[in-house]
Amino acid sequence: MVTKQEEFWEKDDFAVITDGTKPALKWTIEELRKRGKKIHVVDLSDKPAPDTLSDVADVPKDTRNVIIGVTKTEPARIIEQLALRGITHFWVHWKTDTCDVEHLTGDPKLEIITGRCSMMYLGKGASMHGFHRFIARSLGKY
């Protein structure tokens, strides 16, 4: 049976919101590009990378799936802002979710995945992500 986490990565379009504090988001972006996914990167760091958006408001209106991995901004405010535009599927990267995000998970109109590392699902083969995946499966937390 496919988990909701696995199903999330089967989508074709994504926005990734990063502030550069979580290295796994860089790897996530690279892996999604390798898979040919449509991706928009919003870089909220002090020095945004070239070819990225610098404001959440610039996420294209047709985007439906958002990965958030920020520690300098409250991720719940990003979810609320994007939800007003009709975006309903969110992945809040492991160790970046907050109490405010957890409160939003109760909204039946939103699908918010928390407490999971994106690379545990996107990583391949024998790597630190593969080991992480093995441990998570063993503990029933995949």
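In the predicted model, Asp 58 is found in the loop between β2 and β3, where helices (H or I, at least four residues) and strands (E, at least two) are DSSP runs numbered from the N terminus. At 42% relative accessibility, Asp 58 counts as partly exposed, given that buried means under 20% relative accessible area, exposed over 50% and partly exposed in between, with a 1.4 Å probe and protein chains only. The C-alpha atoms of Asp 58 and His 40 are separated by 9.4 Å, although the two residues are 18 apart along the chain. The loop between β2 and β3 is also the place of Asp 51, which counts as exposed at 81% relative accessibility. Between the C-alpha atoms of Asp 51 and Val 41, which are 10 residues apart along the chain, the separation is 8.3 Å.

Residues are numbered from 1 along each chain as its sequence is written, and side-chain values use heavy atoms, with hydrogens and water left out. As this is a predicted model, local features need pLDDT of at least 70 and side-chain atom pairs count only at pLDDT 80 or more, while totals for chains, interfaces and linings use all residues.

Five strands form an open sheet, in which the order is β2-β1-β3-β4-β5 and the pairing is parallel; two strands are said to pair if DSSP finds at least two bridges between them. The edge strands, each of which pairs on one side only, are β2 (38-43) and β5 (111-116). On average, and with direction ignored, neighbouring strands of this sheet are turned by 15 degrees against each other. Axes are here lines fitted to C-alpha atoms, for helices over the stretch in contact, and angles run from 0 to 180 degrees between N-to-C directions.

Strand β3 is largely enclosed by the rest of the structure, because five of its five residues are buried. Both faces of β3 are covered, with Asn 65, Ile 67 and Gly 69 buried on one side and Val 66 and Ile 68 buried on the other. In a regular strand the side chains alternate between the two faces of the sheet. Four bridges join β1 to β3, which run parallel, and Val 16 stands opposite Ile 67 in β3. Four bridges likewise join β3 to β4, again in parallel, and in β4 the bridge partner of Ile 67 is Trp 91. The parallel pairing of β4 and β5 extends over four bridges, and here Trp 91 stands opposite Ile 113 in β5.

Helix α2 (residues 23-34) packs on the sheet, touching β1, β2, β3 (65-69) and β4, and its direction makes about 160 degrees with that of β1; contact means heavy atoms within 4.5 Å. With 12 residues, α2 reaches 17 Å from its first C-alpha to its last, which is close to the 16 Å expected at 1.5 Å a residue, the expected span being 1.5 Å times one less than the number of residues. The buried residues of α2 include Ala 24, Leu 25, Thr 28 and Ile 29, and what covers the buried residues of this helix includes β1, β2, β3, β4 and α5 (118-122). After α2 comes Gly 36, whose phi is positive, near 75 degrees.

Helix α3 (residues 75-83) lies across β1, β3, β4 and β5, and runs at about 165 degrees to β4. Together, β3, α3 and β4 make a right-handed β-α-β unit, a crossover being right-handed if, with the strands pointing away from the viewer, the path from the first strand over the helix to the second runs clockwise.

A search of the whole structure finds five aromatic pairs. The rings of Phe 8 and Trp 91 have their centres 5.5 Å apart and their planes at 45 degrees, so this pair is tilted. Rings of Phe, Tyr and Trp (its six-membered ring) pair if their centres lie within 6.5 Å, and planes under 30 degrees apart count as stacked, over 60 as edge-to-face and the rest as tilted. This pair links distant parts of the chain, with Phe 8 in helix α1 (residues 4-8) and Trp 91 in strand β4 (residues 89-93), 83 residues apart. Phe 8 counts as buried at 0% relative accessibility, and Trp 91 counts as buried at 0% relative accessibility as well. A tilted pair is also formed by Trp 9 and Trp 91, at 4.8 Å centre to centre and 55 degrees between the planes. Because Trp 9 lies in the loop between α1 and β1 (13-18) and Trp 91 in strand β4, this pair ties together parts that are 82 residues apart in sequence. Ring pairs link Phe 8, Trp 9, Phe 14 and Trp 91 into a cluster.
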